[in-house]
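Here is a short note for a first look at this model. Please read it with the structure open.

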Amino acid sequence: MSLTKRDQKHLWHPLTQHKMTPEHLGIVKANGVYLQDEEGKKYIDAISSWYTAVYGHCHPYMVQKVTAQVQTLDQIVFAGFTHPAAVNMSEKLMEILPDNQQKIFFSDNGSTTVDIALKMSLQYHFNQGKKKLKIVAFKNAFHGDTFGAMSVSGLDVYNGPFSDVVLSVDRIAVPTDENCHQVLADFKKLLATNQVACFVFEPLVQGANCMHMHQAKHLDALIALAQKYDTVCIADEVMTGFGKTGTYFASDQLENKPDIMCLSKALTGGMIPMGLTTCTQKIYDAFYANEIAKGFFHGHTYSANPIACAAVIASVDLLKSEEIQTGIKRIQKGHQAFLKSIKPYTKVKKARTLGVILAIDLDVAIDRYGKDRNAIFNHFMSKGIFLRPLGNTLYVVPPYVIKQKELAFIYDEIKEYIHLIS
Ligand SMILES: *Cc1c(COP(=O)(O)O)cnc(C)c1O
């Protein structure tokens, strides 16, 4: 029996209406940019498996580092103990994080990094005897699926059944050249209450919101204002981190650095789950006291799992390497040229790129989930390309090791598809 059939007996897939999408393709192997299914057919992973496997799948250097760790120390309680992989990882990360980030707190996925950031912000004020309980987030944000992260997310598809029980959150629009003054004014009104504990945002690109992009200067203005009111600024770099926007982090393109950063996804190059919430010395110092209760009483069993730490170390080494930096630049150039080349296409409503992220809004009405969306997915799979369209938005975030001819193949097939629907 095929994996696809056996799968249906016991497994429940994420973001899936099983009655309408009962079948899931079995992937048995991955190497570099290629995924391989049960029948041996290969697919280019054009979205780096949800922006995780950015160094390509099973990168030999990642495999080597992780294997060595597996054979040395697998797991240890991080409350009360420390270990070389965690310490080495912290030193390694400091080489690439913005200078103001000084402390690292562990969890094991992107959503929890955001939950932790929210709790850290609230307790930061609480510990100083201040009553700041409001949370501000962007409209149409996505920060994950646990309760805290879901609360600050603003995409209704995910929150519908829970909208009456989530945390209350104030929203401001994502700034543009047109609305930036209004957004600043709206934000100032909220901040002036002196009750805003934190402002959480996806810097420069809202991934799940169809790769909606905004300019650094507009976000900079919002951060500057928030920091004037001692409102904690949380950059959710779960998607944008580790080279996606062309720099190590999207925050590198900001003048005003966030107080807290959330990292996951490409953090381990897709090899092992891991989440990090990093913060400034100032945030940490608000927890440092002679009272036990002022400490941060949050902890996950797999905090600082040594194998995951080893994957992070390998990931940072690769990110800094010439091989990977050259790859990022090649993809950037490719995306920019491709954007120019599709300008004349009438079925392209809007297209944009930043770093290795390319997004194309097609001029067709398609729901985020459903038959039409699945048809596009299936079309590209039949061509040997794994893409996950977000409604009418096609996006590409290829592994940095992708070759020019593989990139060209993706571009050609996207053009081919646009012709098909024209
Ligand atoms: C994916 C994502 C998350 C959630 O991460 P999970 O590991 O899926 O929980 C949070 N924020 C952003 C910006 C993301 O892209």
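1. A polar contact here is a pair of N or O atoms within 3.5 Å; within protein, one must be able to donate a hydrogen and the other to accept it, and residues adjacent in sequence count only if both atoms are side-chain atoms. By that rule, an N or O atom in the side chain of K265 is 2.6 Å from an oxygen atom of the ligand. Taken alone, the ligand exposes 380 Å², and the protein buries 82% of that (Shrake-Rupley areas, 1.4 Å probe).

2. This is a predicted model: local features need pLDDT of at least 70, side-chain atom pairs count only at pLDDT 80 or more, and totals for chains, interfaces and linings use all residues. Residues are numbered from 1 along each chain as its sequence is written, and side-chain values use heavy atoms, with hydrogens and water left out.

3. Two further contacts deserve a look. The side chain of D236 places an N or O atom 2.7 Å from a nitrogen atom of the ligand. G110 uses its backbone: a polar atom there is 2.8 Å from a ligand oxygen.

4. Which residues are around the ligand? They are N109, G110, S111, F142, H143, G144, E202, D236, V238, M239 and K265 (a heavy atom within 4 Å).

5. β1 pairs with β2 (residues 34-37) in the antiparallel sense, over four bridges. I27 has D37 in β2 as its bridge partner.

Conventions
Pairing = 2+ DSSP bridges. Helix = DSSP H or I, 4+ residues; strand = E, 2+ residues; numbered from the N terminus.
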